[in-house]
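Visitor: Can you walk me through this one? I have the sequence and the coordinates open.

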Amino acid sequence: MLLELSDVTLRYGRIQALHGISLTVNEGEIVALIGANGAGKTTTMRAISGLRPIASGRIIFNGEDITRLRPDQRVLRGLCQAPEGRGIFPGMTVLENLEMGAYTRRDKAGIAADMKRVFELFPRLAERRNQPGGTLSGGEQQMLAVGRALMAHPKLLLLDEPSMGLAPMLIQQIFSIITEINKQGTTVLLVEQNAQQALSRAHRAYVLETGRIVKAGTGQELLHDEAVREAYLGVA
Amino acid sequence: MNVELLTSQFWDLTVTGLALGAIYALVALGYTLVYGLLQLINFAHSEVFMVGTYAALIAWGWAGLTQESPIPGLLGMIGYLVIGLIAAAVASGGTALIVERVAYRPLRRRNVPRLVFLITAIGVSVVISELVGVLTDRHRAGIPRLVERSTVISIGDFEITNVQLGVIVAAIAMMVGLDLFINRTRLGRGIRAVAQDPDTAALMGVNQDRVVMLTFLLGGLLAGGAALLYDISLENTRYNVGFLLGIKAFTAAVLGGIGNLRGALLGGLLLGVVEQYGSALWGNEWRDVVAFVVLVVILMFRPTGLLGESLGKARV
């Protein structure tokens with residue numbers, strides 16, 4: 001097991017946002033978290049990456065308890081997140097943004113190889129390498145966010161809404177790249193509102209409702225589950 | 001209004017203004033760096049500078065240079081400059097780090113409102129300044145002359161002394177060094193990342209505390225450099241020299257666009273020169289009035305300062 005959350009709760013002031021989340025991610029999997037707006041998907045991601053302290057529960061990564069570690073210490077252990085809303089550094093060029101992804105790494109050869117791989121996955125980024133991140137289109141910024149997370153060469157890649165605000169064709173493209181990244185050996189935990197795509201790509205998935213996990217199963221099971229279809233896939 | 005004095009001494013005033021403005025600019029960088037990162041106005045920065053002026057003086061005393069000493073020769077001068085620079089940089093850089101660690105970090109941990117930082121900054125400034133005031137009996141300390149003044153360039157009315165030229169060149173060299181560090185190195189990228197988006201920077205593995213320390217250290221080192229140049233050009237210091245110079249440097253930072261490194265340079269030089277013109281036109285006692293009127297007028301028309309954008313948003 002690469003990542004395990006057991007009974008994680010989290011509060012924003014007096015509001016309890018997560019009511020005891022337990023989930024696991026195994027090495028080599030794509031795991032999806034789906035749910036409506038405000039269900040706690042992004043909060044769960046922030047708990048895993050360490051941006052928000054949790055109120056109770058435990059987070060185990062790669063056999064180590066990381067519950068109390070700072071975000072940058074979690075990155076050092078191989079956990080990297082492409083945040084919701086992309087989080088591109090607007091004043092840095094595409095190249096500098098990618099270099100930020102490799103901030104904790106010292107292996108020059110490995111970084112160069114990963115840079116090459118990112119440019120192969122996203123040729124658009126190579127064309128724009130010297131352009132400030134703030135001037136990219138939404139789709140390009142999304143590619144940059146994913147590419148930058150890959151530059152960390154993570155054991156576990158956390159993606160928060162990678163398809164948000166993208167045109168349907170780009171959504172297809174982003175998801176096939178995620179599958180491709182996974183085939184190359186990176187474990188992926190993914191939060192999505194686009195349940196159709198997420199479930200058809202994921203090995204396993206969890207459904208979140210108001211800060212609780214209400215359903216879990218393989219992607220295919222949930223894709224054919226009546227309640228899930230009705231609530232998240234818009235099929236009666 | 002004495003227009004004739006301004007026109008007849010135009011170049012002299014300009015050069016004097018640039019040499020003083022270069023020192024403002026170096027101190028202004030410390031304000032602007034910290035503001036760009038934390039949106040905090042570190043009013044204690046003026047004392048970081050003041051401590052540097054004393055540190056160089058004390059180091060020179062230990063090395064045997066006093067006001068009675070003859071002006072050293074070229075090798076001696078270089079030796080004393082290096083000693084003074086190291087002492088001022090260590091003292092100012094160290095003070096900046098201590099202030100961050102003791103006063104600001106506990107507040108950052110608690111996520112207190114901005115106003116608390118501001119009051120703390122003013123408090124720290126008063127504490128350091130008064131401490132030095134008590135230790136020195138509030139006396140003005142004379143600084144031994146290191147460099148004999150001589151005119152090195154003279155073209156028509158334009159004349160510049162070796163000290164003025166040295167101050168301007170040294171200040172610009174330090175600023176170019178900072179610019180390269182911020183824009184070209186990995187640690188500099190870390191500073192820019194935290195300034196632009198602290199949460200995402202943390203997700204990239206940037207240790208925010210370390211970046212904040214580094215930023216305070218850089219500001220302190222530049223203030224130490226400024227202190228050395230101040231000692232050499234004004235040849236005296238006092239426990240309260242930081243106060244007015246700090247306000248001027250802060251003004252320079254706001255004038256150029258606070259958070260913007262190149263703005264600090266522009267603001268500093270501009271302020272230094274305008275002050276000199278003002279004192280020629282209306283008399284020396286109007287110098288500070290002119291400086292602050294300029295600030296108010298510019299901010300009326302450009303509230304974000306001349307170059308606007310901050311360390312966060314722009315490619316600095």
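Predicted model: local features only at pLDDT ≥ 70, side-chain atom pairs only at ≥ 80, totals over all residues.

Visitor: What about chain B, what is its average pLDDT?

Guide: Chain B averages 92, and 97% of its residues score at least 70.

Visitor: Now chain A. Why is strand 3 described as largely enclosed?

Guide: Strand 3 of chain A covers residues 30-35, and six of the six are buried, so the rest of the structure largely encloses it.

Visitor: Which residues of strand 3 point which way?

Guide: A:Ile30, A:Ala32 and A:Ile34 point one way, while A:Val31, A:Leu33 and A:Gly35 point the other way. Both sets are buried.

Visitor: Which strand does it pair with through A:Ala32?

Guide: That is strand 8 of chain A, where A:Leu190 is the bridge partner of A:Ala32. Strand 8 spans residues 187-192 and runs parallel to strand 3, with five bridges joining them.

Visitor: And what stands opposite A:Ile34?

Guide: A:Val207, in strand 9 of chain A. Strand 9 (residues 204-209) also pairs with strand 3 of chain A in the parallel sense, over five bridges.

Visitor: Switching topic: how is chain A split into domains?

Guide: The domain assignment gives domain 1 as 26-52 + 70-78 + 154-236, and domain 2 as 86-153. The contact between them takes 19 residues from domain 1 of chain A and 14 residues from domain 2 of chain A. Their C-alpha centres lie 22 Å apart.

Visitor: How much area do the two domains bury, and how many salt bridges cross between them?

Guide: Domain 1 and domain 2 of chain A bury about 1300 Å² between them, with 73% of it on carbon and sulfur atoms.

Visitor: How many residues are in the contact between chain B and chain A?

Guide: 21 residues from chain B and 24 residues from chain A. The area buried between the two chains is about 2100 Å², and carbon and sulfur atoms give 60% of that.

Visitor: Which three residues of chain B supply more of its buried area than any other three?

Guide: B:Arg186, B:Leu203 and B:Met204, which supply 36% of the area that chain B buries against chain A.

Visitor: How many salt bridges are there across the interface of chain B and chain A?

Guide: The rule finds three. There is a salt bridge between the side chains of A:Glu99 and B:Arg189, at 3.2 Å from N to O.

Key: Residues numbered from 1 in each chain as written. Chains lettered and ligands numbered in written order. Heavy atoms only, no water. pLDDT = per-residue confidence, 0-100. Buried < 20%, exposed > 50% of the residue type's maximum accessible area, 1.4 Å probe, protein only. Helix = DSSP H or I, 4+ residues; strand = E, 2+ residues; numbered from the N terminus. Pairing = 2+ DSSP bridges. Domains from an automatic or database assignment. Contact = heavy atoms within 4.5 Å. Buried area = accessible area lost by both parts, 1.4 Å probe. Salt bridge = Lys/Arg side-chain N within 4 Å of Asp/Glu carboxyl O.
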